[in-house]
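My notebook is open and the model is on screen. I will jot down each thing as I look it up.

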Amino acid sequence: MPAPLYIHLDLAELAALEQVMQDRASGLIVRGPVFSSDLGRPAKLCEAVRALFAPLGDAVFIRLGDGTGSDRFLKADFAWNADPDIGGVSAEGLGRTKLGPFNRRAADANRPVTGYIFEGVIGSWIGELLGGATISATNVFACFIAHELGHQLGVGHVQAKDDIMFAWKGQTLADRKQYLRLANDVRLGFTPAQVATMKATIAKP
Ligand SMILES: [Zn+2]
């Protein structure tokens, strides 16, 4: 039985959800007015992410942290890429200590970040695709965080929209909408095969 893998989440940015705007000159997603603040949101999100990883049992410990002493460190970031089709990026998981190539943003050069989710672009998808419906930002963001951590633990994309590892890029609006609805309703989870892959990654040196 390998030692548990420690994962830290920095979700401070998600305490305040901001409206999304696109800068005309750069095309980049930029911060707009705050539409929802909840200082307790990071803790609730961490709890929701933990629930998605429950099938891994004691193999993984997930908590809020600054990455110090952790094996994996995912950070919420408003947006720093210009591609409105990317909600997150992660290193590939080749084993407990080895990770595939991953480019941190310059501001995080000295932090042990191994993955990001982009608050702004995900908020934009929620607004555009589920606009008007009652949405749990916690449930939707938890799925995107779990998806990115899934990559870090060796799980790849699938095309099925009812799978947490759904490949977002290049999909139809209808499929994206369904994925978000399932995430909102807490109906996405890791399959037994994905759980086995993650456990194998953790067991590898
Ligand atoms: Zn992905």
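This is a predicted model: local features need pLDDT of at least 70, side-chain atom pairs count only at pLDDT 80 or more; totals for chains, interfaces and linings use all residues.

**Entry 1: Arg72.** I began with Arg72, which is buried because 25 other C-beta atoms lie within 10 Å. For burial I count C-beta atoms placed from the backbone: 20 or more others within 10 Å of a residue's own make it buried, 12 or fewer exposed, and anything in between partly exposed. Residues are numbered from 1 along each chain as its sequence is written.

Arg72 sits in strand S5 (residues 72-77). Strands (E, at least two residues) and helices (H or I, at least four) are DSSP runs, numbered from the N terminus. Which residues does Arg72 contact, leaving aside neighbours within four places in sequence? I found Leu5, Ile7, Thr114, Leu149 and Gln152, where contact means C-beta atoms, placed from the backbone, within 7 Å of each other. I also looked up the pair Arg72 and Leu5: they are 67 residues apart in sequence, and their C-alpha atoms are 8.0 Å apart.

**Entry 2: the sheet around S5.** I traced an open sheet of five strands with mixed pairing, in the order S4-S1-S5-S7-S6. Two strands pair if DSSP finds at least two bridges between them. S4 (60-64) and S6 (88-90) are the edge strands; each has a single partner, so one side of each lacks a neighbour in the sheet. From one strand to the next the twist averages 15°. Angles here run from 0 to 180 degrees between N-to-C directions, and axes are lines fitted to C-alpha atoms, for helices over the stretch in contact.

S5 pairs with S7 (residues 115-118) in the parallel sense, over four bridges. Within S7, Tyr116 is the residue opposite Lys75. Helix H1 (residues 41-52) packs on this sheet and touches S1 (5-10) and S4; the direction of H1 makes about 170° with that of S4.

**Entry 3: the S2-S3 hairpin.** I then turned to S2 and S3, which run antiparallel and are joined by six bridges. They form a hairpin with six residues between them, and Gly27 in the turn has a positive phi of about 80°. Met21 stands opposite Val30 of S3, and Ala16 stands opposite Ser37 of S3.

**Entry 4: H2 against H4.** At what angle do H2 (residues 119-130) and H4 (residues 173-184) pack? The angle is about 105°, and the axes are 10 Å apart. H2 and H4 are therefore roughly perpendicular (65 to 115 degrees; under 35 is roughly parallel, over 145 roughly antiparallel, the rest oblique). H2 supplies Trp125, Ile126, Leu129 and Leu130 to the contact, and H4 supplies Leu173, Arg176, Lys177, Leu180, Arg181 and Asn184. By class I have six nonpolar, one polar and three charged residues. In this scheme Ala, Val, Leu, Ile, Met, Phe, Trp, Tyr, Cys and Pro are nonpolar, Asp, Glu, Lys and Arg are charged, and the others, Gly among them, are polar.

I checked the helix spans too. The 12 residues of H2 reach 16 Å from first C-alpha to last, close to the 16 Å expected at 1.5 Å a residue. The expected span is 1.5 Å times one less than the number of residues.

The buried residues of H2 include Val121, Ile122, Trp125 and Ile126. The buried side of my H2 list packs against S2 (16-22), S3 (29-37), S5, S7, H3 (137-152) and H4. In H4 I noted Tyr179, Leu180, Leu182, Ala183 and Asn184 as buried, and these pack against H2 and H3.

**Entry 5: two loop residues.** Val186 lies in the loop between H4 and H5 (192-203). Its phi is near 55°, a positive value in a residue other than glycine. Most residues other than glycine have a negative phi. Is Val186 buried, exposed or partly exposed? With 16 C-beta neighbours inside 10 Å, Val186 counts as partly exposed.

Ile86 is in the loop between S5 and S6. Ile86 is partly exposed, because 15 other C-beta atoms lie within 10 Å.

Methods. Two residues are in contact if their C-beta atoms, placed from the backbone, lie within 7 Å.
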